[in-house]
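Let's take a walk through this fold, one piece at a time. Have the viewer open and follow along.

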Amino acid sequence: MTLPVIPEPAKNPPTLLVIDDEAGPRDALTAILRPFFTLLAAESASAAIDILNSRPVDIITLDQKLPDRQGLDLLQEIKHDHAEVEVIMVTGYGSLKSAMEGIRHGAAGYLLKPFNVTELLSLVNQTVEKKQRLDFLRHFLRTSTGLWGSESEGAQAWQQLLTGYQAIGKSTHEPASRCESTPSQLLPLLSDLLEAKDRQLLNHCSRVSFYATLLANRIDLTIAEQKSLALGAFLHDIGKIGPETYQFAEDEIAMSGESVGNRLHPELGGKLVLPLGLPAEVGQIIAYHHERWDGSGYPYGLQEEGIPQLARIVCLAQAFDHLTAELPGRSPLSIDDACQHMRAHAGTHFEPKLTELFTRVIQECKACLPAMATATTPAD
Ligand SMILES: [Fe+2]
């Protein structure tokens, strides 16, 4: 029998880097946080990069305005080159909007100046715990093969994962939930797994769930089906948390079929979630979201009504996101162009009636969509 994986409590205090060119806020932060961290400080973006390239750093507090770079710009470089470092944006009221933009680019939170000590310590503690959770999951994904084994091996691996995950941040080991917990109990773990693999994967899955649920009220779905649609859309690419490096849209580039890429992920994802006891519709969405109306999709070549309706909806939602999201080396389509492109594939890639409804609903909601569609960070 395999013993549960319990994360070791950190033996050394985490390292926190304060990036701020103004002595006042820098000194305030270092004075408050010194008892809990090994503290480093940088007065510019270039000095911060030098530190990051020379030694391990766990958490960063990042001022918005630096003499040589904007904080948001530096955040993106840090999340690209040092994805495992968690960043807290530090901001005044005047630049709050850009700090919130930082959250969409992977910042763990933002802190308003002047600092409220209680809020500061609370946010920093939450961020330390988040990093512990993601580090644990990254290590698990790199080293455990059980998740990808037989159903019984998978069930055992999920139980280990859940036990270790739930132990983080607890001083005593309370009994862990069973892996057949309710979806809402499992959601934090599943969301963190996507983020541990790649923040961009989490962003994509979140947006696809949002787009898919826009349709939920426009068609005749039961409440249970609506819930399965939201969860299945969120987990549709869970098969990509496997050992292969996540490549956004490698297989779905603009649904044109030009790139073959990773065609295993729907099947892998469907098998991966089997031990969790999720509703059958959720597994179907994961397994069938790349099937096409005319039978030319993968991995099973299902067609028309043979593809479950919820999977047909998620197929549309994920294609829309691939068309409109900012990706490395490719310009996103406008919402109108993306809808036009999708209508051109109605009857081949997509169910005609759903395509008409989806593109109509998307255009009705257009005002709130552009900001979501640009919330990606480079994956490679
Ligand atoms: Fe996919």
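**A walk through the fold**

Start with helix α10: 6 of its 8 residues are buried, so this helix is largely enclosed by the rest of the structure. Keep in mind that you're looking at a predicted model. The buried residues of α10 are His265, Pro266, Leu268, Gly269, Gly270 and Leu272. What do they pack against? The buried residues of α10 pack against α6 (151-167) and α11.

Take the α11 side first. Helix α10 (residues 265-272) and α11 pack at an angle of about 160°, and their axes are 7 Å apart. At that angle, the two helices are therefore roughly antiparallel to each other. On the α10 side the contact involves Pro266, Glu267, Gly269 and Gly270, which meet Gly283, Ile286, Ala287 and Tyr288 in α11. Sorted by class, that contact of α10 with α11 has 4 nonpolar, 3 polar and 1 charged residues.

Glycine 149 sits in the loop between α5 and α6. Its C-alpha atom and that of lysine 271 are separated by 9.1 Å, although the two residues are 122 apart along the chain.

Now zoom out for a moment. The protein chain has 15 helices and 5 strands. Buried residues make up 41% of its 380 residues. Among contacts between residues at least 6 apart in sequence, 64% join residues at least 24 apart.

Next, the sheet. The 5 strands form an open sheet in the order β2-β1-β3-β4-β5, with parallel pairing. β2 (38-42) and β5 stand at the edges with a single partner strand each, so one side of each is left without a neighbour in the sheet. From one strand to the next, the twist averages 20°. As a reminder, strands of a sheet pair through backbone hydrogen bonds, either parallel or antiparallel.

Of its 6 residues, 6 are buried, so β4 is largely enclosed by the rest of the structure. Glu86, Ile88 and Val90 point one way from β4, while Val87, Met89 and Thr91 point the other way, and all are buried. How is β4 joined to β3? The two strands run parallel, with 5 bridges between them, and isoleucine 60 has valine 87 in β4 as its bridge partner. Towards β5, strand β4 (residues 86-91) is joined by 4 bridges, again with the strands running parallel. There, valine 90 stands opposite leucine 111 in β5. Helix α5 lies across β3 (59-63), β4 and β5, running at about 160° to β4.

Between β5 (109-112) and α5 (117-143) there's a loop, and proline 114 is in it. The peptide bond from lysine 113 to proline 114 is cis, with omega near -5°. For context, most residues other than glycine have a negative phi, and most peptide bonds are trans.

Proline 299 lies in the loop between α11 (280-288) and α12 (309-324). Glutamate 304 is also found in the loop between α11 and α12. Glutamate 304 has a positive phi of about 45°, although it is not a glycine. Is glutamate 304 buried or exposed? Glutamate 304 is exposed, with 12 other C-beta atoms within 10 Å.

Helix α8 (residues 199-216) packs with α12 at an angle of about 130°, with their axes 8 Å apart. α8 and α12 are therefore oblique to each other, and their crossing is right-handed. From α8, the contact uses His204, Arg207, Val208, Tyr211, Ala212 and Leu215; from α12, it uses Ile313, Val314, Ala317, Gln318, Phe320 and Asp321. By class, this contact of α8 with α12 has 8 nonpolar, 2 polar and 2 charged residues. The spacing along each helix is worth a look in the viewer: an α-helix has 3.6 residues a turn, so residues three or four places apart point the same way.

Conventions: Residues numbered from 1 in each chain as written. Predicted model: local features only at pLDDT ≥ 70, side-chain atom pairs only at ≥ 80, totals over all residues. Buried ≥ 20, exposed ≤ 12 C-beta atoms within 10 Å, placed from the backbone. Axes fitted to C-alpha atoms, helices over the stretch in contact; angles between N-to-C directions. Parallel < 35°, antiparallel > 145°, perpendicular 65-115°, else oblique. Left-handed = near helix turned anticlockwise from the far one by under 90°. Contact = placed C-beta atoms within 7 Å. Nonpolar A, V, L, I, M, F, W, Y, C, P; charged D, E, K, R; others polar. Pairing = 2+ DSSP bridges.
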